[in-house]
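Subject: Structure handover

Hi,

Here is the structure I promised to pass on.

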Amino acid sequence: MALETTPSEKARSEARRRAILDVARDTFLERGYAAASMSEIATRLGGSKGTLYNYYRSKEELFAAFMTETCQARAAAIFAPLPPIGKLKSVRESLVDLGVTLMEFLLSEEMISLHRLILAETGRFPELGRMFYEGGPQRGEVRFKEYFEAAMDAGLVRRDDAQMVGQRLKDLVMSDIYLRRLWGVLGDFSPRQLRAHVAASVDIFLRAFGPEIA
């Protein structure tokens, strides 16, 4: 018969898991996937490698957990501030808010560092690209699809393939500035400039996918 875990034991286990992910994040971003090792992560934690393996059975599993944690936790905040579709006062302003929040997430130092890591390592370790996609972008695609399906049902966006429509909005708001940030050649770019860029992108988007006027 298995012993029950007490609340305090669960709390300690969750705190340990959180500490492992924090150290793993720093190690992977500093050293890269290939150079990072479970031994080094265990040393940085101040514990044994055996304890680390009790939580994650391999470096690949730990890396997947780190990416999912990083992408999922931050990505959840992208849609959280938006009011329900039925209560939108302006679909344009809501899409601008959505685009700005998305770009603040993608342009953050943590996400840029993670994207650079994936690009640097995925040639040698193709599974990293798959893990990254499944842990982050793929989940985002589902959320965008759900959002635009609701917007189409409410007559706020022209009826079309919701997943494609969501991707087009992302493509437009990411255009020009995202790759320049990734390459390290984007100069000063203020929040005001970011919002103006997103607003212009949303206006283009709505010309293509806005509601048809009878």
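Searching the whole structure turns up 10 aromatic pairs; a pair here means rings of Phe, Tyr or Trp (its six-membered ring) with centres within 6.5 Å, called stacked if the planes are under 30 degrees apart, edge-to-face if over 60, and tilted for the rest. One of them is F144 with F148, a stacked pair at 6.4 Å centre to centre and 20 degrees between the planes. The two are four residues apart in helix 8, so about one helical turn separates them. (Helices are DSSP runs of H or I, at least four residues, numbered from the N terminus.)

F148 also pairs with F205, this time tilted, with 5.6 Å between centres and 50 degrees between planes. Since F148 is in helix 8 and F205 in helix 11 (residues 191-209), that pair ties together parts 57 residues apart in sequence. Buried or exposed, where does F205 fall? F205 is buried at a relative accessible area of 0%, F148 is buried at 0% too, and F144 is buried at 4%. The cut-offs are under 20% for buried, over 50% for exposed and partly exposed in between, using a 1.4 Å probe and protein chains only.

Elsewhere, F28, Y33, F63, F66 and F125 make up one aromatic cluster. K59 sits over the face of Y33, 4.4 Å from the ring centre; that label needs NZ of Lys or CZ of Arg within 6 Å of the ring centre and within 35 degrees of the ring normal.

Before I go on: this is a predicted model, where local features need pLDDT of at least 70 and side-chain atom pairs count only at pLDDT 80 or more, while totals for chains, interfaces and linings use all residues. Residues are numbered from 1 along each chain as its sequence is written, and side-chain values use heavy atoms, leaving out hydrogens and water.

Most residues other than glycine have a negative phi. D176 is also exposed, with a relative accessible area of 51%.

Cheers
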